[in-house]
Amino acid sequence: MTPVDAANQVLGQFWDLCLPVDPIAIAGGLGIKVYYSNDLKELSGFYDDEEKEILIHPNESSQRQRFSIAHELGHCVLGHGTSPRKKHSPAEFKERAANIFAASLLMPAITVRTLVEQRGMMFSELCRTFDVSEQAMAIRLSELGIIWVNPKRLEMHCLLRQTIRRQ
Ligand SMILES: [Zn+2]
């Protein structure tokens, strides 16, 4: 199963359709406990497959924590087993898959499309509504092929173009 399909399946089972998506509630649905740990050093999160628990760094922003929980849930759902204790390159296959899962879980495609294309929601409001960082939302919008053009927000426009160029 692709990370996108896996995220959609989990949303179908455990999402209450409220925004922002609550990754801790979804973890609960999957039988995974989420704890804060001061022990993670340079890691943002860690998934322990034997204990069925996710450990999260308490000192990062709440948006970062939400993304980390969703990312670690990706490792769980995609059957990656216990996370490695050291930081891996973001280019590594499992890391990419977990990031795609996390973005698909926190920013469900149909919901993002509806809010942008039918309700004309602005970028800053999208970030607030989904409670994600600007970077995460910009990457998601480019993944979904939504080109965000707003002359009043040149900075975001530039960020999006950079994101698109990188892919
Ligand atoms: Zn990871």
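Helices (H or I, at least four residues) and strands (E, at least two) are taken here as DSSP runs, numbered from the N terminus. By this assignment the protein chain holds eight helices and three strands, and from the N terminus on its elements run α-α-β-β-β-α-α-α-α-α-α. The structure is a predicted model, in which local features need pLDDT of at least 70 and side-chain atom pairs count only at pLDDT 80 or more, whereas totals for chains, interfaces and linings use all residues. Residues are numbered from 1 along each chain as its sequence is written.

Of the 167 residues of the protein chain, 31% count as buried, a residue being buried if 20 or more other C-beta atoms, placed from the backbone, lie within 10 Å of its own, exposed if 12 or fewer do, and partly exposed in between. Two residues are in contact if their C-beta atoms, placed from the backbone, lie within 7 Å. Among contacts between residues at least 6 apart in sequence, 56% join residues at least 24 apart.

The three strands form an open sheet in the order S1-S3-S2, with mixed pairing, where two strands pair if DSSP finds at least two bridges between them. Strand S1 (33-36) and strand S2 (45-48) are the edge strands, each pairing on one side only, and the twist averages 20° from one strand to the next. S2 and strand S3 (residues 53-56) pair in the antiparallel sense over four bridges; in this pairing Gly45 stands opposite Ile56 in S3, and Phe46 stands opposite Leu55 in S3. S2 and S3 form a hairpin with four residues between them.

Helix H3 (residues 62-77) packs on the sheet and touches S1, S2 and S3, its direction making about 30° with that of S2. Angles run from 0 to 180 degrees between N-to-C directions, and axes are lines fitted to C-alpha atoms, for helices over the stretch in contact. Cys76 lies in helix H3 and counts as buried because it has 24 C-beta neighbours inside 10 Å. Leaving aside its neighbours within four places in sequence, Cys76 is in contact with Leu30, Ile32 and Tyr47. Cys76 and Ile54 are 22 residues apart in sequence, while their C-alpha atoms are 9.2 Å apart in space.

Two helix pairs that share H4 were examined. Helix H1 (residues 3-14) and helix H4 (residues 93-106) pack at an angle of about 40°, with their axes 8 Å apart. This makes H1 oblique to H4, since angles under 35 degrees count as roughly parallel, over 145 as roughly antiparallel, 65 to 115 as roughly perpendicular and the rest as oblique. The crossing of H1 and H4 is right-handed, a crossing being right-handed if the near helix is turned clockwise from the far one by less than a right angle, and left-handed if anticlockwise. Pro3, Val4, Ala6, Ala7, Asn8, Val10 and Leu11 in H1 meet Ala97, Ile100, Phe101, Ser104 and Leu105 in H4. By class, the contact of H1 with H4 has 10 nonpolar, two polar and no charged residues, where Ala, Val, Leu, Ile, Met, Phe, Trp, Tyr, Cys and Pro count as nonpolar, Asp, Glu, Lys and Arg as charged, and the others, Gly among them, as polar.

H3 and H4 pack at an angle of about 120°, with their axes 8 Å apart, and are therefore oblique to each other. The crossing of H3 and H4 is right-handed. The contact involves Arg66, Phe67, Ala70, His71, Leu73, Gly74, His75 and Val77 of H3, together with Lys94, Ala97, Ala98, Asn99, Phe101, Ala102, Leu105 and Leu106 of H4. By class, the contact of H3 with H4 has 10 nonpolar, four polar and two charged residues.

Most residues other than glycine have a negative phi, and most peptide bonds are trans. A cis peptide bond joins Leu19 and Pro20, with omega about -5°, and Pro20 is placed in the loop between H1 and helix H2 (23-29). Lys52, in the loop between S2 and S3, has a positive phi near 55° and is partly exposed, with 13 other C-beta atoms within 10 Å. Asp131 likewise has a positive phi, of about 50°, although it is not a glycine. Asp131 is in the loop between helix H6 (123-130) and helix H7 (134-143), and is partly exposed, with 17 other C-beta atoms within 10 Å.
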